[in-house]
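Dear colleague,

I am passing on the structure we discussed, and I would be grateful if you could look it over before reading my notes below.

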Amino acid sequence: MATEKDSDKTQQQENDKTTQLSGNTSDSTNELMKTNTGLPINDDQNSLKAGERGPSLLEDFILREKITHFDHERIPERVVHARGSGAHGVFKVYESMASVTKAHFLSDPSLETPVFVRFSTVAGSRGSTDLARDVRGFAVKFYTQEGNFDLVGNNIPVFFIQDAIKFPDLVHAVKPEPDSEMPQAASAHDTFWDFISLMPESAHMIMWVMSDRAIPRSYRMMEGFGVHTFRFVNAEGVASFVKFHWKPLLGVHSVAWDEAQKISGKDPDYHRRDLWDAIESGNFPEWELGVQIIPEEDEFKYDFDLLDSTKLVPEELVPVQRIGKLTLNRNPDNFFAETEQIAYHLGHIVPGIDFTNDPLLQGRLFSYTDTQLLRLGGPNFQEIPINRPIVPVHNNQRDGFMRQTINRGKVSYSPNSLGDNYPAQAKASEGGYTTYPERIDARKIRARSKSFFDHFSQAKMFFNSQADFEKNHIIDALSFELGKVKTVAIRERMLGILSMIDKGLASEVAFALRIHVPQDPELPVNHSIPADGDPADYDSFTFETAITSSEALSMANTVKDSIKTRKIAFLAADGVDEKSLTTVKDALEAAGAVVEVIAPRLNYIIASNDAQIPVQHSFLTAASVFYDAVYVPGGTNSAATIEAEADAVHFLNEAFKHCKAVAADANALQVIEATYFSRMLPSEFSDKAILQEGLIIGDDPALVADKFILAIAQHRFWDREKPRKIPA
Ligand code: HDE
């Protein structure tokens with residue numbers, strides 16, 4: 001018998017998901033222009049007037065419809081994560097994970113699950129720069145056969161706070177200050193550090209945010225983390241704890257802080273453009289999904305609490321198993337319809353995955369639907385194409401603003417006899433979601449478990465795990481941020497917190513700020529206590545931890561085996577030696593890099609053998625901060641022009657300052673000699689030498705190319721940074 005719901009007419013049933021996820025197909029270029037009621041428009045250039053030079057008429061329904069729509073074209077931006085970029089893709093599991101989870105999309109290696117991923121910064125407005133020092137959102141919607149599963153994570157595995165009730169305070173503190181609405185997309189101001197200096201539970205996260213993780217080279221080169229501990233449940237009902245990870249196949253890489261600030265001015269869309277261009281050119285970004293699985297019985301095995309989102313599970317304790325691959329392979333058709341309107345929610349879950357009692361996670365379960373109601377204007381946001389599941393939806397929800405579904409018949413309640421009691425509830429064997437029956441036997445209480453009170457061990461572990469250059473970057477970042485803080489007492493209090501993490505770190509920052517590290521940090525360190533709480537009970541303390549340093553936490557240990565999609569600048573002018581240019585260009589491109597020729601003027605240059613070589617940018621539109629490395633090909637006239645071009649010399653100095661690989665044909669040595677860093681060339685330098693540390697000069701272009709490729713794969717030569725500061 002045809003059920004009530006089977007006869008519901010929804011767009012969902014009319015369009016299959018492939019068409020739906022490819023965007024709105026109604027925008028055909030061969031159609032006539034029409035009003036929203038379907039009336040063909042004869043004149044879209046002139047409003048209706050009383051006479052050629054007369055007043056406009058209110059009667060002009062075409063003008064009114066157009067302008068009214070325009071007036072309503074903005075929706076509230078996300079209160080956090082407003083600035084974002086998205087892409088479509090697919091996910092495939094490598095091998096069935098059925099032993100730990102009954103989630104269908106994780107059990108069948110032949111299944112390709114469509115996904116939409118949105119990356120974001122947290123603090124800035126929708127139009128703010130991509131390169132702000134900030135956490136990055138990494139939100140993935142899996143359109144599975146069992147409904148949508150959203151993994152709404154970040155590029156940092158821990159969070160600032162332990163309990164959702166502090167989230168509005170955190171966000172108010174980091175957002176622009178309310179009187180002046182400054183600064184935009186930046187945490188370097190008094191209110192943020194005031195709050196942080198009073199909230200030692202943020203110490204671990206602060207170490208991450210002050211590290212280079214907060215200024216990624218690309219969304220494609222970031223890790224992702226589910227942050228909270230979730231639960232897997234298998235078909236037998238056996239549960240385990242799980243932490244989710246995304247591991248980028250291109251490795252984890254960042255830019256220098258000076259570079260981030262310059263990119264913010266020259267191309268605030270840097271990450272968005274990078275993602276878009278990579279997908280357009282077929283260089284599909286890829287991540288492996290990793291899981292750390294912890295048996296239920298190990299819940300209390302560790303010296304941190306699995307429910308505390310300010311802690312991670314060191315990979316030395318529980319290794320990350322890589323269980324599948326995410327590939328982003330299609331750009332959105334329409335930014336607003338897809339990237340802006342996508343609505344993620346931690347509560348979008350499928351059988352086989354469940355929550356834990358992490359108090360941060362629990363608060364998020366409320367927040368996301370609530371925010372979509374405001375942002376997307378009502379309860380029917382799940383009917384927006386990008387949010388629709390690929391399976392038809394049947395339930396008794398009706399009406400509301402912007403309802404798309406045309407439900408048929410009289411029955412919109414359950415139980416019912418008039419509709420044969422459909423839509424029917426699904427048995428667990430039919431995929432019905434059942435919550436893991438965790439035993440809870442407790443008093444209602446506003447309290448925090450003492451197992452959450454160690455705020456410094458993992459902050460120390462993170463700092464200890466960093467390479468020297470990474471430690472320097474953290475010190476520099478803290479010195480910068482606290483240097484922007486105007487209230488000296490906040491700086492001092494923050495130094496107290498830093499001294500609990502690492503005395504050396506605190507004294508280095510104190511040196512830069514020229515203030516003293518407080519001998520005894522102000523007590524109680526933790527000011528986040530209830531009105532009737534005894535401060536003595538709320539002091540944070542440090543456990544003896546099993547793991548004091550972890551390899552996975554340092555970006556120095558990331559994969560460095562490829563130059564795929566790396567952007568390399570060639571600085572050249574008329575008279576360039578074609579062989580010197582094309583030998584290196586061909587080798588780099590064969591290894592997957594993208595080469596762009598930059599010259600004093602656009603369009604093309606003429607090589608010494610009269611060959612015409614295309615030019616992608618002039619020095620006006622290019623800057624070294626957009627490239628991963630730079631090469632100066634040979635050719636007497638070309639080298640003379642480049643040497644005399646101040647922008648080109650600046651380009652090289654800046655690339656060197658940002659620790660990038662720099663290469664030159666020995667016949668262009670005069671260009672290198674015009675740079676600031678030429679004084680660092682060894683005295684016994686001969687023009688046939690191939691130098692180390694990412695500076696490569698030689699007269700055999702093939703050999704230069706080989707060494708250059710190895711150097712670019714290293715990403716950066718950070719050790720060059722401190723002893724060799726470059727004024728650029
Ligand atoms: Fe979010 N967060 N969040 N968050 N969050 C939002 O939802 C919130 C937290 C994260 O690309 C909002 O749709 C609360 C942790 C991402 O559309 C809002 C708490 C993590 C995105 C919200 C947190 C995240 C959001 C704003 C503390 C990492 C962007 C717009 C309990 C695991 C998703 C929206 C996208 C967005 C609330 C903490 C990640 C207001 C209350 C921890 C990636 O609902």
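A nonpolar core, as the term is used here, is a set of buried Ala, Val, Leu, Ile, Met, Phe, Trp, Tyr and Cys residues that are joined through side-chain atoms within 4.5 Å. Please keep in mind that this is a predicted model.

The largest nonpolar core has 56 residues, and those that touch the most other members are Phe 160, Trp 193, Met 207, Leu 478, Leu 498 and Leu 505. Two or more residues come from each of helix 4 (167-174), helix 5, helix 6, helix 11, helix 12, helix 13 and helix 14, and the core takes at least three residues from domain 1 (49-194 + 216-387) and at least three from domain 2 (464-556).

Ile 490 and Met 494 are both buried residues of helix 13.

Helix 13 covers residues 488-501 and spans 20 Å from its first C-alpha to its last, close to the 20 Å expected for its 14 residues. Ten of those 14 residues are buried, and the buried ones pack against helix 5 (190-197), helix 6 (203-209), helix 11 (457-465), helix 12 (468-484) and helix 14 (503-513).

Turning to the ligand, its iron atom has a single protein donor, the OH of Tyr 368, at 1.9 Å, and Tyr 368 belongs to helix 10 (residues 359-375).

With best wishes

Methods
Residues numbered from 1 in each chain as written. Predicted model: local features only at pLDDT ≥ 70, side-chain atom pairs only at ≥ 80, totals over all residues. Heavy atoms only, no water. Helix = DSSP H or I, 4+ residues; strand = E, 2+ residues; numbered from the N terminus. Expected span 1.5 Å × (residues − 1). Buried < 20%, exposed > 50% of the residue type's maximum accessible area, 1.4 Å probe, protein only. Contact = heavy atoms within 4.5 Å. Domains from an automatic or database assignment. Donors = N, O, S within 2.8 Å, 3.2 Å for Na, K, Ca; no water.
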